[in-house]
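Subject: Structure handover

Hello,

Here is the structure for your files. My notes on its side-chain contacts follow below.

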Amino acid sequence: MDDDEAVTRSLAGDLDAYEVLVTRYSVVAHRTASFLGAGDEAEDVVQEAFVKAFRHLASFRRDAAFKPWLLRIVANETHNLTRSRGRRADLTLRLESEPDRARGPYEPEDPEGVALATDGRTRLLDAVRTLPERERAAVTCRYLLQLSEAETAEVLGVRLGTVKSRTFRGLRRLREEVGRDLLG
């Protein structure tokens, strides 16, 4: 079942159809909440976002994609959480559980290479955490969540040019912080 059919059936009261959407987008919603600052409270943010999405499904523009619409709700909920805390939230990242994309499927792990890659990734993520909130959100959506510029604009509720400028400034700051050896 594609997203359009799942939304249509959900609007007709089919909770199993909405469960398809929840299952399909839970991982990226959790990742989004975590990367944007929810930390240990990402589960609560995502749960609230899915509840709000369900409540407001009738206002969803049918000509738009569901994923960016949902991630916009997740981003808003995360922003509400971090604002209510009154401080910058710690980004909880679990990249150790992701496969190392630099290696091919049959190459053995080189302990020195793994250590260097882990150190580089840690330095980069620490630098991302120090970016101003708007730049951090743009860089996170574009590079950590691998959203297109258009999807990032929709998720963050800004214009495409704003995404481009915030991403550019964020990447420039990261290059200054961690050096060109990590970012090319």
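How many aromatic pairs does the count come to? Before the answer, the conventions: this is a predicted model, in which local features need pLDDT of at least 70 and side-chain atom pairs count only at pLDDT 80 or more, while totals for chains, interfaces and linings use all residues. Residues are numbered from 1 along each chain as its sequence is written, and side-chain values use heavy atoms, with hydrogens and water left out.

Aromatic rings

Rings of Phe, Tyr and Trp (its six-membered ring) pair if their centres lie within 6.5 Å; planes under 30 degrees apart count as stacked, over 60 as edge-to-face and the rest as tilted. By this rule the count is five aromatic pairs. One of them joins Phe60 and Phe66, which is edge-to-face because the ring centres are 5.8 Å apart and the planes stand at 75°. Phe66 also pairs with Trp69, this time tilted, at 5.7 Å centre to centre and 50° between the planes. Phe66 and Trp69 sit three residues apart in helix H4 (residues 66–85), about one helical turn; helices are DSSP runs of H or I with at least four residues, numbered from the N terminus. Phe60 and Phe66 are both buried, as is Trp69 (buried is under 20% relative accessible area, exposed over 50%, partly exposed in between, with a 1.4 Å probe and protein chains only). Tyr25, Phe60, Phe66 and Trp69 form one aromatic cluster.

Salt bridges

The whole structure has nine salt bridges, each being a side-chain nitrogen of Lys or Arg within 4 Å of a carboxyl oxygen of Asp or Glu.

- Asp3 and Arg24: the closest N and O atoms are 2.4 Å apart. The pair links helix H1 (residues 3–11) to helix H2 (residues 15–38), across 21 residues. Asp3 is buried at 19%, and Arg24 is partly exposed at 35%.
- Arg62 and Asp4: the closest N and O atoms are 3.1 Å apart. Arg62 lies in the loop between H3 and H4 and Asp4 in helix H1, so the pair ties together parts 58 residues apart in sequence. Arg62 is partly exposed at 38%, and so is Asp4 at 43%.
- Arg9 and Glu5: the closest N and O atoms are 3.4 Å apart. Both residues lie in helix H1, four residues apart. Glu5, Arg9 and Asp14 are linked in a network of salt bridges.

Regards

Conventions: Helices (H or I, at least four residues) and strands (E, at least two) are DSSP runs, numbered from the N terminus.
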